[in-house]
Amino acid sequence: MQEVSKYYTQFLPAASLEAKNFVIVDEICDNVMDIDKLFVEALKSVGVECLKIVVPSDMADDSGETSTEPFKNHKVFTSCVNTILSNGVSKHSCIISVGGGVVNNLCGVLAGMIYRGIHLVHFTTTTMGMLDAALDFKQAINHDLGKNLLGCYYPAENIVIDPASCLTLSARHIRNGISE
């Protein structure tokens, strides 16, 4: 991911370079990667305005693995929408997802719903994101009554995959993405 920062202006849609953009990351990636340096400061250094929004994560679920799945819900979605709407979003803004499949899906729903569609770019960091969530245009969040019940069809304009990020994943997380 270190080398990618010099290409941000090529990954983002041209219209977004003059708009306020939103980097959405889960706590896991925010703790492992220097998101402020890799994204926020790097984008600002080339004149692109952005705001970081951090989505909650469990550092260990029932299996002992990290997980953002419990936070792929309407409460987190609404919190993100409120932050985005109150910070100057425009039709040219871009949602930049940094994380695995959960963040990719959440950001897809956000991008598809705000202004009936704003720009979406994924920087996916897990095999679930690389092999399913970021590549697929089915975007969804969970509801109390079931998984992936709220969503839309909304493709990302660009998807950045760094295979080196797989080196940080557990065997279980690698298998989850491959099995999908």
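**Stop one: a salt-bridge network**

Select Lys52 and Asp36: their side chains meet in a salt bridge, 3.3 Å from N to O. The term means a side-chain nitrogen of Lys or Arg within 4 Å of a carboxyl oxygen of Asp or Glu. Lys52 sits in strand β2 and Asp36 in helix α3, so this pair ties together parts that are 16 residues apart in sequence. Helices (H or I, at least four residues) and strands (E, at least two) are DSSP runs, numbered from the N terminus.

Before moving on, note that this is a predicted model, where local features need pLDDT of at least 70 and side-chain atom pairs count only at pLDDT 80 or more, while totals for chains, interfaces and linings use all residues. Residues are numbered from 1 along each chain as its sequence is written, and side-chain values use heavy atoms, with hydrogens and water left out.

Asp30 lies in helix α2 and Lys52 in strand β2 (residues 49-55), so here the parts tied together are 22 residues apart in sequence. With that, Asp30, Asp36 and Lys52 are linked in a network of salt bridges. Lys52 is partly exposed, at 24% relative accessible area, and Asp36 is partly exposed too, at 33%. (Buried is under 20%, exposed over 50%, partly exposed in between, with a 1.4 Å probe and protein chains only.)

Jump to Lys147 and Glu69, a salt bridge with its closest N and O atoms 2.7 Å apart. Lys147 is in strand β6 and Glu69 in the loop between β2 and α4 (74-85), 78 residues apart.

**Stop three: aromatic rings**

Which arrangement do Phe39 and Phe123 form? Show both rings: the pair is edge-to-face, 5.0 Å centre to centre with 80° between the planes. (Rings of Phe, Tyr and Trp, its six-membered ring, pair if their centres lie within 6.5 Å; planes under 30 degrees apart are stacked, over 60 edge-to-face, the rest tilted.) Phe39 belongs to helix α3 (residues 35-45) and Phe123 to strand β4 (residues 119-124), so the pair ties together parts 84 residues apart in sequence. Phe39 and Phe123 are buried.
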